[in-house]
Amino acid sequence: MHAMNRRTDRSDGTGADPRGARDTDVIVVGAGPTGLLLAGDLAEAGLGVTLLERRPAEISNLTRALVVHARTLEQLDARGLADELVAGGHPLTGLRLFGRATIDPTQLRSRFPFVLVTPQFEVERVLERRARRAGVTFRHDSEVLGLDQEAEGVTVRFRTTEGLGSVRAAYAVGTDGVRSTIREAVGLPFPGKSVIRSLVLADVRLTQEPDSPLMVNANSEAFALIASFGGGWYRVIGWNRHHQADDDSPADLDEVRELTRLALGSDYGIHDARWVSRFHSDERQVPTYRVGRVFLAGDAAHVHSPAGGMGMNTGLQDAANLSWKLAAVLQGQAPDSLLDSYQTERHPVGKQVLRSSGALIRIALLPTGPGPAVRALAAQLVNRVRPLSRRAIRTISGIGIAYPAGPGAHPLAGHRAPDFRLAGGSRLYELLRRGRFVLITPAGEPGVPQPPATGGDSPRPADDRVVTASWRSERRTALLVRPDGYIAWATDATAPAARTAALRGAVAHWTGTEDGASIATALTPPAHAADTPAGR
């Protein structure tokens, strides 16, 4: 995404105080993947961003996430980061859920028809580099103490080794994890329960190399996952039904070896642990993702079981949904009410992830008795019934997520846009790197700004909010794609005058070029997950 010109000293009619009355535009608390993507997006849009992180700069984050799914890779592609991440990871064309149940991502119509095995710290590395280049102000070793908000802005108070400090902004976003200080500061409950106790994590070396960079299995006795981190290191995550202990009870290599043998049939010669720890996994979600000028995203808003590897991916997609809306409001292209659609679109997605990951882990860990029979039946259904298999991979990968489009909308509206090939050799997700809406029309469409006749691989912007492009094929549908890669509007109308008027009205409606309020009314609750006509 290319940075637009920074705007300062503005009073944009959104209720935000002028730039001169605050220190920055947005405060992001928490430098995990969700916070880094959000901060980078906002900075590339030309906004001032301060990122507060409790950890010192030289201490890396505790990394638990191990896989990046197709929809997240598409979002990273829209930021020019996916190819680097894929090159350094391990793409897998199959992902085991439990027993013999395996999902097949190769059936996805995506540029990334696989599950990428790569540690969370690699995702953070590319996102942090982008955020720093875009101009995000990092404040490490900053422990947030609380916040104060009023109609005009929000102030976050923090403590460093040098003393107390504060920073004021128009909005603040808590991406500070399951123990979120921001969530506590705005008084939100975090209802739910622990779904698994006494999970063990370890970074180890192996004498015997596994058959795959990601080995995972569960049975009535145990669950275990082994993933390659590169450099000869492997991450082991596991659970032993017969060894349940509190989080503060020490774990050792003998316990790791035992649970691995129980679940995978071998311990692969585990040795030389870099560290071993114990934790528990919760299922929790806040009732609302917004309180006034404060938002929650990622694990601060929702936590799930590790089944399916959807936690980090869901947080990154939260950030992609919220960032363009914050930018539109702060740049005077939409009213503050647009930000309410973050709740209506993303909260149901978080609830769905809780349900699906919870179902997976419960089936996987059913005890002896009903367990083997239920797992065998579930595996047979997932592996052999194509509609169920397709639904499973679209749900886990995030490709099947869709947002509401309102009554009378085109069937494609609200759905994920595939990476369309366009005239001049460009791709949709390359154009999305500009951080703008993308308007796709048939070649030669009258009354619509078109790419230049020569050098068509670099479409010119219709204005500073829309990039225009043409189909490479003879397709006649016109599409307007949101900055987060979802279809805002579409038409199949063929009458030239009516079609052109509808297209121009849609662009004005969604980008705020004529009436900034209309973009907020275009998004209606509730969000849902569904098959995507555009991606079939």
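Q: Buried means under 20% relative accessible area, exposed over 50%, and partly exposed in between, with a 1.4 Å probe and protein chains only. Which residues of strand 16 are buried on one side, and which on the other?

A: The model is predicted: local features need pLDDT of at least 70 and side-chain atom pairs count only at pLDDT 80 or more, whereas totals for chains, interfaces and linings use all residues. Residues are numbered from 1 along each chain as its sequence is written, and side-chain values use heavy atoms, with hydrogens and water left out. Helices (H or I, at least four residues) and strands (E, at least two) are DSSP runs numbered from the N terminus. In a regular strand the side chains alternate between the two faces of the sheet. Here W233, R235, I237 and W239 are buried on one side of strand 16, and Y234, V236, G238 and N240 on the other.

Q: In which sense does strand 16 pair with strand 13, and over how many bridges?

A: Two strands pair if DSSP finds at least two bridges between them. Strand 13 (residues 192-206) and strand 16 are antiparallel, with 5 bridges; V200 stands opposite G238 of strand 16. Strand 15 also runs antiparallel to strand 16, through 8 bridges, and S228 has Y234 as its bridge partner there. The hairpin of strands 15 and 16 leaves 2 residues between the strands, and G231 has a positive phi near 70° in this hairpin.

Q: How many aromatic pairs does a search of the whole structure find?

A: Rings of Phe, Tyr and Trp (its six-membered ring) pair if their centres lie within 6.5 Å; planes under 30 degrees apart count as stacked, over 60 as edge-to-face and the rest as tilted. The search gives 9 aromatic pairs. F121 and F229 make an edge-to-face pair, at 5.6 Å centre to centre and 85° between the planes. Because F121 belongs to helix 4 (residues 120-134) and F229 to strand 15 (residues 222-230), this pair ties together parts 108 residues apart in sequence. F121 is partly exposed, at 33% relative accessible area, whereas F229 is buried at 11%.

A tilted pair is formed by Y171 and F295, with 6.1 Å between centres and 50° between planes. Y171 lies in strand 12 (residues 171-174) and F295 in strand 19 (residues 294-296), 124 residues apart. Y171 is buried at 0% relative accessible area, and F295 is buried at 0% as well. Ring pairs join Y171 and F295 with Y289 and Y342 in a cluster.

Q: Which residue lies over the face of Y171?

A: A charge sits over a ring if NZ of Lys or CZ of Arg is within 6 Å of the ring centre and within 35 degrees of the ring normal. R293 lies over Y171, at 4.9 Å from the ring centre. R132 is placed over the face of F138, at 3.9 Å.

Q: Which residues of the largest nonpolar core touch the most other members?

A: A nonpolar core is a set of buried Ala, Val, Leu, Ile, Met, Phe, Trp, Tyr and Cys residues joined through side-chain atoms within 4.5 Å. In the largest one, of 72 residues, they are L76 and L127. Helix 7 (residues 311-330) gives the most to this core, with 10 residues. Helix 7 is largely enclosed by the rest of the structure, because 19 of its 20 residues are buried.
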